[in-house]
Amino acid sequence: HEADAYRTDLMTITRHVLNEQSRNPEARGDLTILLSHIVLGCKFVASAVNKAGLAKLIGLAGETNVQASAPAYQPSSPRLTSVIFLPCEIEMVKHSLCDQGEEQKKLDVLSNEVFVKALVSSGRTCVLVSEEDEEATFVEPALRGKYCVCFDPLDGSSNIDCGVSIGTIFGIYMIKDKENVTLEDVLQPGKNMVAAGYCMYGSSCTLVLSTGNGVNGFTLDPSLGEFILTHPDIKIPKKGKIYSVNEGNAKNWDEPTAKFVEKCKFPKDGSSPKSLRYIGSMVADVHRTLLYGGVFLYPADKKSPNGKLRVLYEVFPMSFLMEQAGGQSFTGKQRALDLVPTKIHERSPIFLGSYEDVEEIKGLYAEQA
Ligand code: AHM
Ligand code: MG
């Protein structure tokens, strides 16, 4: 097709979200603005992650900056300046990048700072929960907007040093009452989220987003500094051929989990065994699950009765995306999005993926009950 050959009609993420929002008579552009600030954070992290290997050499993420008197890192990337943002916001990113003479920040700490500042300066947020921060951040009244954002700025950061894919995960709620903002605004069940997504920093940088009308994937075109729609209306296969779990924990699993994995390896219905794929980086494992189908699990075990993954910024956003793509997400007790968290860093077991595979897991838990 001519159009495909030239690709002159680019569906950027901002254009896509604006289109989606224009169908909602109540939308005033706030979510679009908020999302473009999240996108800025993702571009910053993508650029920093790409340089992480080099940084060892030049001192970007090392413990101390070997050339403490000179800026260790000059933000030369055209990506950051090609985004339409206020000059002060660009300054803010540059500032985080080259805190001259100070100890250089670890990539996850740096990413967190960039996201917090981008979110606050959007003027559209009021409560932020980050994996990196013990306490929730309440935005000062003058900059307050109606959204709460829960995020993990750099999930899987233990994988950075060996170049494995890592990601940012986020979930967005609307506050109940702007005059009276409390922690209750983020301790809502996941089904109340208005949008969720992740950005994967892998062989390419991919942002997967849902605002409640299905799931779409965008790939960063580094030459444009823009995320372009490359995976419209993602639907997860009804059943998959892959299971994804840390089998090293098998000795402590509960019975339904053990039975399910056994069935994956030794199916009794004549079907072929499933393949095992486990990266150990949630964004990458979930991304593969979404595209290829199958199931990703981080179950409870005797040592961690609530599993490992965090409800607000890992379990909920991924469960929201899975359901929007036609899959399911289950905690071992209930639909994951029905869970009502009581603490901001609460954990939950999670089984998510293809509809039929999760259905099978639900069956095994029902048998046990
Ligand atoms: P982190 O937030 O400390 O990076 O841990 C979260 C990561 C997930 O990305 C991944 O699914 C999980 O931990 C892997 O855990 P394990 O190493 O126990 O298999
Ligand atoms: Mg994490």
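Helices (H or I, at least four residues) and strands (E, at least two) are taken as DSSP runs, numbered from the N terminus. The model is predicted: local features need pLDDT of at least 70 and side-chain atom pairs count only at pLDDT 80 or more, whereas totals for chains, interfaces and linings use all residues. Residues are numbered from 1 along each chain as its sequence is written, with chains lettered from A and ligands numbered from 1 in the order in which they are written.

Helix α7 comprises 15 residues (107-121) and spans 21 Å from its first C-alpha to its last, close to the expected 21 Å, the expectation being 1.5 Å times one less than the number of residues. Of these 15 residues, 12 are buried, among them Leu-107, Asp-108, Glu-113 and Phe-115. A residue is classed as buried if 20 or more other C-beta atoms, placed from the backbone, lie within 10 Å of its own, as exposed if 12 or fewer do, and as partly exposed in between. By this criterion, 46% of the 369 residues of the protein chain count as buried.

The protein chain contains 11 helices and 13 strands. Eight strands form an open sheet of mixed pairing in the order β2-β1-β3-β4-β5-β6-β7-β8, where pairing requires that DSSP find at least two bridges between two strands. Strands β2 (137-138) and β8 (226-231) are the edges, each pairing on one side only. Strand β7 (residues 216-221) pairs with β8 in the antiparallel sense over five bridges, and Gly-217 stands opposite His-231 in β8.

Two helices that pack on this sheet are α3 (residues 30-50) and α10 (residues 311-324). Helix α3 touches β1, β3, β4, β5, β6, β7 and β8, and its direction makes about 15° with that of β5. Helix α10 touches β1, β3, β4, β5 and β6, with its direction at about 80° to that of β4. Contact denotes C-beta atoms, placed from the backbone, within 7 Å; axes are lines fitted to C-alpha atoms, for helices over the stretch in contact, and angles run from 0 to 180 degrees between N-to-C directions.

In the loop between β8 and β9 (242-244) lies Asp-233, a residue other than glycine with a positive phi near 45°. Asp-233 is exposed because 12 other C-beta atoms lie within 10 Å.

The residues around ligand 1, with C-beta atoms placed from the backbone within 6 Å of it, include Glu-131, Asp-155, Asn-246, Tyr-298 and Lys-308.
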